[in-house]
Amino acid sequence: MLMLAGIVVLHITTIILLLVAAIDNAWWITNTVSTDLWGRWELANSAWHYTNLENYPEDYLQAVQATSVLACIFAILALFVFVAQLFTLPKGQRFTFTGILQLIACLCIMTAASIYTAKFHTNEMEGGYGHSYVLAWISFVLTFILAITYLILRKKSE
Amino acid sequence: MGRAGPMRGVWLGINQGTVCFLLLSCFEALCRVASSIPPLHFLSPPCTRTRSRVGLFLDRLLSGLRHPSFWELPAKPETMLTLLALASVVLLGIVPEQSQAIVIYTGWERHALLGSDIRLSCSFFSWRWTSEDVTFSWTYRPDGSRDSISIFHYTGGAAYVDNKGPFRDRVEFVGNPGRRDGSILIKNLDFNDNGTFTCDAKNPPDIVGRPSSVRLLVFEKVPIQAGVITGAIIGVVLGLLVLIVVIYYLMRFLVARRVFSLSVSKHGKKKKEGSQQRQIKV
């Protein structure tokens, strides 16, 4: 019972981290600029302005957007499938479908973070990665752990 | 202005007519149901003690809909006729205010490659017949400038193109004034051609109208539109997932129903029990 609650809590935490990583505006931060996958905030005369992204390789940016959104979708789907499988799976079986969905989510967020690391901000001197970027990698680790857990876990047989 | 085709005006008229008619007929129906049809007993007697007023109204509405006399001709044709007359007067009152303005349609934005040709379309909708004195004129305003220059004019059956300005020898008239089309073709585009092109059409005596503008953007290579690749990736992956799940459950269903031949079904029965233990190979 405790383990089940723990796994569900961990899964929900992972979903929240993925959503924050995909939505929040902090993949790359400098003193005056804060960007993410969708737009950038620029500080001009002590007022923040939201502008479009420019000077980005357009196709890679869209690939990162797509894979991060897909990772969120698959993680949420995995939670629902897990709850459904709790009730429908015969005893002693593994939660394979949940595990596979979670594994796909893990792959997607890994793809997104990797493409972002490799292709963006390769030549810039100042600034660093923001908390959304860090959360993306942390959620990659968490989704991986959860996927392995689901693939190994068996439903309790009395 | 200028996003839909010339049928938009006619469509607006039809839309307004149908909406008015539907509203009036709904109102008429509700009034009749609430007042004339006697309520049948929809709920069982023990529930009637706790019935609220809303429940009473809903009960009468539902029983009225099931009553056969609801679907026959209305009891008072005179009310229907007066309502129809009111509606038509209202419509005729609205329509003439719109009918005297000419509506001009061009695109909103056009993208083109450096060195290519582009056809800027312009058409108009007018309640009058196309007269012989119909005129089209195109003006150009460069990006970042406030002055516009005239580059094309069609009047009296003849087209006059730019022969002094930046578009000399590059503008050609490809429209058909008889069909209300005043499109022009601009050849060999350059980066200096970025700007706003405005089309103004007049169809005497229908001359009151708002000119419509189209913005031209010239690129070295045409950029990928925002979100196309994103949407494509997401759509394909989710579609594949749905397809795989459907196929998986379909196979299980078919094997369980012994649709396949006997030899396969024996193998299939074993497969059905074992498939829950194995990973699905995707």
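Across the interface of chain A and chain B there are 0 salt bridges, a salt bridge being a side-chain nitrogen of Lys or Arg within 4 Å of a carboxyl oxygen of Asp or Glu. This is a predicted model: local features need pLDDT of at least 70, side-chain atom pairs count only at pLDDT 80 or more, and totals for chains, interfaces and linings use all residues. Residues are numbered from 1 along each chain as its sequence is written, chains are lettered from A in the order in which they are written, and side-chain values use heavy atoms, without hydrogens and water.

The interface in values:

| Item | Value |
|---|---|
| Buried area, chain A and chain B | about 1,600 Å² |
| Part of that area on carbon and sulfur atoms | 70% |
| Contact residues, chain A | 19 residues |
| Contact residues, chain B | 18 residues |

Buried area is the accessible area (1.4 Å probe) that two parts lose on being put together, summed over both. Contact means heavy atoms within 4.5 Å. In chain A, A:Q62, A:L70 and A:Q93 lose the most area to chain B. Together they make up 29% of what that side buries.

The largest nonpolar core has 38 residues. Such a core is a set of buried (under 20% relative accessible area, 1.4 Å probe, protein chains only) Ala, Val, Leu, Ile, Met, Phe, Trp, Tyr and Cys residues joined through side-chain atoms within 4.5 Å. A:V64, A:F74 and A:Y116 have the most contacts inside it. Among the residues that A:Y116 touches are A:W27, A:W28 and A:Y133, not counting residues up to four places away in sequence. A second, separate core of 25 residues includes B:V134, B:F152, B:F167 and B:L189.

How values were computed
Buried < 20%, exposed > 50% of the residue type's maximum accessible area, 1.4 Å probe, protein only.
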